[in-house]
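These are my notebook entries on how the parts of this model are put together. I went through strand pairing, domain boundaries and interfaces in turn.

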Amino acid sequence: MPKVTIYDTPMIDELENGEWPSFITAFKRLRDDHPDERINSMVGGLLGQLEHSYETRMGWWKGGTVSVFGYGGGIIPRFSEVAEHFPESKEFHTVRIQPPAGNFYTADILNQLADDWEKHGSGLQTFHGQTGNIMFIGSTTEQMQPFFDKLNSYGFDLGGAGPCVRTAMACVGGARCEHSCANEQGLMRHLVNEFQDDLHRPALPYKWKIKVSGCPNDCTNAIERADMAVIGIWRDEMKVDQEEVKTFVADKGRDYVIDNVTDRCPSNAIKLNDDNTLEVNNKECVRCMHCINVMTKALAPGDDTGVTILIGGKRTLKIGDMMGTVVAPFMKVDTMEEIEELVELTGEMIDFFAENALEHERTGEMIERIGLVNYLEGIGLELDPNMVSEPRQCSYVRMDGWDEEVKKWYDKKAEAATA
Amino acid sequence: MAAERPKMPIESGAPDGFQYMHPTMRRNFGLWKYHERPRPGVLKHVAHSGDEIYTIRVGTARILDVFTLREMTRIANELGDGFIRFTIRSNLEYMVDSEAKVAPMIEAIEKAGLIVGGTGPTITAPSHTQGWLHCDIPGSDASGVVKSMMDELIVEFKREEMPNRVHITTSCCQINCGGQGDIAINIQHTKPPKIAHDLVANACERPTIVARCPVAAIRPAMVDGKPTLEVDEKKCICCGACYPPCPPMLINDAVHTTLAIWVGGNHSNARGKPTFQKLVAAGIPNNPPRWPEATALVKRILKVYKEDAKDWERMNDWIERIGWFGFFEKTGLPFTKFHIDDWRGARNSLNASTHIHF
């Protein structure tokens, strides 16, 4: 039997009860059953410290500075403040690793990752953290470099931490979802892999997160939490298979369809006809996805697909939660040239953020401070009524450049008409 | 002998997901036609080509030990097609190309102590933070709160019986890394930081900390001849923003750090625009190891939602229909002066109409 200190853990032992999988049971397996004494001991210390937190209702980790050669961030250092009581886990750093786009793995690559982490770390990992990293949780400073080198040798790279471009996220997208309006995983990799220098060497005012969702259901929560939300959308007519509509109505009944499909349309753009077909007013449809979600066989997004870009989403710190808002209502991203344009635009936005945000200010807060117009002009984006819920409502504004702005609008319209 | 110089990293960034993708998904990329849910926890996607892919969704403890991970990969290799992905709520998904593989896999998954479910109108796996296990600024644990709560909500993970999907999140500080949710259980500090004055000068860049405060309540000071910071306790909103960059601003407190419950956050654009969650209850004791008071309140809200909401109504859609008057009436939760917002933009949250619920 390995000589491992077994700390008394009456409080967290309570979390072994109940049917939902228990992380405490998982920790104890590593402490008691793993063949490597280093892991038994380290996870034993972790259990001791966690019990101490439960007893004192306080956290006992502090940060520090640890990275790998050539990079500035990506590792979350944790040093115990109660190491004299639980010395086995006195260093318990997390390695953030960028996942494959769309979070796809083979069982074999997961086994490979587990084998390597077991050699260098605690044997604990999470797929994935809230930003989207694989988190390998718990090891010492000296194990960081060899573990990273090993993963780096077969195609994995460190994630972001600190004031930098962060690890990006894409939904399952075209790989399995019929709502997909963009090559989510391709876009995500084009966008984040172009800026790996800004990801690995934190030098921005604060974080810059990119999330790609393939349709307005926004399964990556991009609008709520990403500085840059890229959301798949279509601009032509949604597809309606009237035979499938009739089958759906026959199965569920007219009342169900009226209550759950047509009445829920936010812009009253859809109507159930007397002959049990659906009529869609595509000019008034706001592409919310609800009817398509309910009738996945009968309804589908159109073919002229692209992406909407919303900028400035973030969570509470410091001026409160903010949603991203539209800065580009529609961009085509079918060809490499079009994708390059989106990557260039992203570069412009990161540069503008780097030059104009205050320290520890997110893009959304910067736009709140300087106004959206200054942001759009700084980036070179064109105005569109889709950028607002409503125009200005207060007359206290200086407008002595009105005629020039009107001319710009008509010039742009004329240019679009001849294009 | 000189130590070997470490090699420069290969800045390969996010790996290509296609190399790890099920061949049926690769072959039909972007060419899917529709999906069905044959049973809770299982999705069936059908491509225009006629190809089918079955997905089995599995709830886990989120933090996985290598034994559990290897059991999951063993099931994938021996009974499935060897392919796995994870949802953003850390549910594991197996993809297989035939219906015949589904039932034996479910049997093996459940035998391994994992939970099949989380699809459609279920209470799916909560997204949560690290808490006492690994964070440097946590006011609470996350895994423990979630484990305790899911022990009681597990039936709703396994059955598709809610009006629409329910996303629960938890966060261990007021930055709220757990994200928006239909229900969020978040830390709420109730006292200003206690300042370890003798440590501030060495640990903190004082102008940065002064600038970090959302309400300008922090200013430089001298205590016992040492440079430090002081907090205007009348102005302080107890958010804890000063604590991460300056650990001597001790915000976490074994008694006064509490939990609050927020509802109605919705990421989707379906029906209405995305919404942020709103405060409904606070002052809930931060009570390890099983936080029974928090779970009880969440269950109380969920019970009313389940009984009262119509099909497809997310929490926010339901509340929009019954009104906040209806929400507080039906749940029996007290409405206090703290529910009325006074942050920037607060006026937009007031009722400037005669739209009144009776």
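Predicted model: local features only at pLDDT ≥ 70, side-chain atom pairs only at ≥ 80, totals over all residues.

**Entry 1: a sheet in chain A**

I began with strand β10 (residues 228-234) of chain A, which pairs in the antiparallel sense with strand β15 (residues 305-311) of chain A over seven bridges.

Residues are numbered from 1 along each chain as its sequence is written, chains are lettered from A and ligands numbered from 1 in the order in which they are written, and side-chain values use heavy atoms, with hydrogens and water left out.

**Entry 2: domains 2 and 3 of chain A**

The domain assignment (bounds from an automatic or database assignment) divides chain A into domain 1 (1-161), domain 2 (169-235 + 304-418) and domain 3 (239-300). I looked up the C-alpha centres of domain 2 and domain 3 of chain A, which lie 31 Å apart. Their contact (heavy atoms within 4.5 Å) takes eight residues from domain 2 of chain A and six residues from domain 3 of chain A.

These two domains of chain A bury about 700 Å² between them, 59% of it on carbon and sulfur atoms, where buried area is the accessible area (1.4 Å probe) that two parts lose on being put together, summed over both. On the side of domain 2 of chain A, His179(A), Asn217(A) and Trp234(A) lose the most area to domain 3 of chain A, together 65% of what that side buries. I counted zero salt bridges between domain 2 and domain 3 of chain A, a salt bridge being a side-chain nitrogen of Lys or Arg within 4 Å of a carboxyl oxygen of Asp or Glu.

**Entry 3: domains 1 and 2 of chain B**

In chain B the assignment gives domain 1 (19-116), domain 2 (131-190 + 254-341) and domain 3 (194-237). The C-alpha centres of domain 1 and domain 2 of chain B lie 29 Å apart, and eleven residues of domain 1 of chain B are in contact with nine residues of domain 2 of chain B. About 780 Å² is buried between these two domains of chain B, 60% of it on carbon and sulfur atoms. Pro40(B), Arg89(B) and Ile115(B) supply 57% of the area that domain 1 of chain B buries against domain 2 of chain B, more than any other three residues.

I found one salt bridge across this interface of domain 1 and domain 2 of chain B. Arg37(B) and Glu160(B) meet through their side chains in a salt bridge at 3.0 Å, N to O. On the side of domain 1 of chain B that touches domain 2 of chain B, β1 (32-39), β3 (52-59) and β7 (115-116) of chain B each supply at least two residues.

**Entry 4: chain B against chain A**

How many residues does each chain give to the contact between chain B and chain A? I read 118 residues from chain B and 121 residues from chain A. The area buried between the two chains is about 10,500 Å², with carbon and sulfur atoms giving 57%. Tyr20(B), Trp132(B) and His134(B) supply 7% of the area that chain B buries against chain A, more than any other three residues.

Between chain B and chain A I counted ten salt bridges. In the salt bridge that Asp115(A) forms with Arg70(B), the closest N and O atoms are 2.8 Å apart. Helix α4 (residues 143-158) of chain B gives the most to the side of chain B that touches chain A, with nine residues.

Lastly I looked up strand pairing between the chains: strand β6 (residues 124-127) of chain A and strand β4 (residues 63-65) of chain B pair in the antiparallel sense over three bridges. Leu124(A) stands opposite Asp65(B) in β4(B).

Conventions
Helix = DSSP H or I, 4+ residues; strand = E, 2+ residues; numbered from the N terminus. Pairing = 2+ DSSP bridges.
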